[in-house]
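Here is a quick tour of the pockets, the cavity and the salt bridges in this structure. Keep the model open beside you as you read.

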Amino acid sequence: MTKLDKAADRTRMIIRATHESISENGVRQFTLRSIAQQCDIHLKTLQHYFPTRNDLLKAVFQERMDKYLPPLMEILHSVDSALCRFNKIIDQLFDFSVDIENQRFFTEIFSMAQSDPQWMALVDTKFELFYNRIGDLISELNPDLDREAGRKRALAMGSMMEGMMLFLGENKPPRPERDGLDQEIRGLLLLMAQAPRL
């Protein structure tokens, strides 16, 4: 194994350990020291890869986005009909939103973005392109909407999907009002995309 391979493996190990730590204990509980211990490496070794806590957090966020966005962008660029692409996007967003690791991690990141302008800018930048593309898809699906209206609806839909993380997922206690909620949300998202301009 070359030095570059070793460094790449160590970087992946550190990022994975950090993601797990945040998913289990939240952002406020993790330290570089705790991650170094979890990875069985010295703190100075970890700091060689990620000098600060924020550098490591950003790397984990980037890794999650690199996993999350490409399949969605692939759907958006496919030759399927607009309705088919829209439904596939909703399926992907549901899978993402109900995954417990994503719920825990992104809830923490969205919370940080509310109080930290740097994180707000980072989150906005990463999601803006995606929601702009979904807005274009909504305008294609619903020619009554111009590009700006399609993008506004995409943001409204994104807000609904992110809020859904509070109610759906494997760790959520069963409640009668949650039965069929996923189907209700899917129907509402399609109605929102196809509704006439307000």
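## The largest pocket

Helix 7 is the top contributor to the lining of the largest pocket, giving seven residues. This is a predicted model, where local features need pLDDT of at least 70, side-chain atom pairs count only at pLDDT 80 or more, and totals for chains, interfaces and linings use all residues. Residue numbers start from 1 along each chain as its sequence is written, and side-chain values use heavy atoms, with hydrogens and water left out.

A few terms before going on. On a 1 Å grid over the protein atoms alone, a pocket is an open set of points with protein on both sides within 12 Å along at least five of seven lines, while a cavity is a set where a 1.4 Å probe fits but cannot get out; lining residues have an atom within 4 Å of a point. Grid points are joined across faces, edges and corners, and a volume is the space filled by probe spheres set on the points. Helices are DSSP runs (H or I, at least four residues), numbered from the N terminus.

Back to the pocket: its volume is about 390 Å³. The lining has 14 residues, and Val123, Asp124, Phe127, Leu155 and Glu162 lie nearest the centre. Helix 6 (100-115), helix 7 (117-141) and helix 8 (147-164) are the elements that give two or more residues each to this lining. By class, the lining splits into seven nonpolar, three polar and four charged residues (nonpolar covers Ala, Val, Leu, Ile, Met, Phe, Trp, Tyr, Cys and Pro; charged covers Asp, Glu, Lys and Arg; the others, Gly among them, are polar).

## The second largest pocket

Which helix gives the largest share of the lining of the second largest pocket? That would be helix 4, with five residues. The second largest pocket holds about 200 Å³ of space, and its lining includes Arg64, Tyr68, Asp95, Phe96 and Phe106. Two or more lining residues come from each of helix 4 (53-76), helix 5 (82-98) and helix 6. The class count here is five nonpolar, two polar and five charged.

## The cavity

Searching the whole structure turns up one cavity of 30 Å³ or more. The largest cavity has a volume of about 50 Å³. Among the residues lining it are Tyr68, Phe96, Phe127, Glu162 and Met165. Helix 5, helix 7 and helix 8 are the elements that supply two or more of its lining residues. Eight of the lining residues are nonpolar, two polar and one charged.

## Salt bridges

The count comes to eleven salt bridges, each being a side-chain nitrogen of Lys or Arg within 4 Å of a carboxyl oxygen of Asp or Glu. In one of them, Arg186 pairs with Asp91, with the closest N and O atoms 2.5 Å apart. This pair links distant parts of the chain, with Arg186 in helix 9 (residues 181-194) and Asp91 in helix 5, 95 residues apart. Arg186 is partly exposed because its relative accessibility is 23% (buried is under 20% relative accessible area, exposed over 50%, partly exposed in between, with a 1.4 Å probe and protein chains only). Asp91 is partly exposed too, at 36%.

Arg197 and Asp146 form another salt bridge, with 3.0 Å between the closest N and O atoms. Arg197 lies in the segment after helix 9 and Asp146 in the loop between helix 7 and helix 8, so the pair ties together parts 51 residues apart in sequence.
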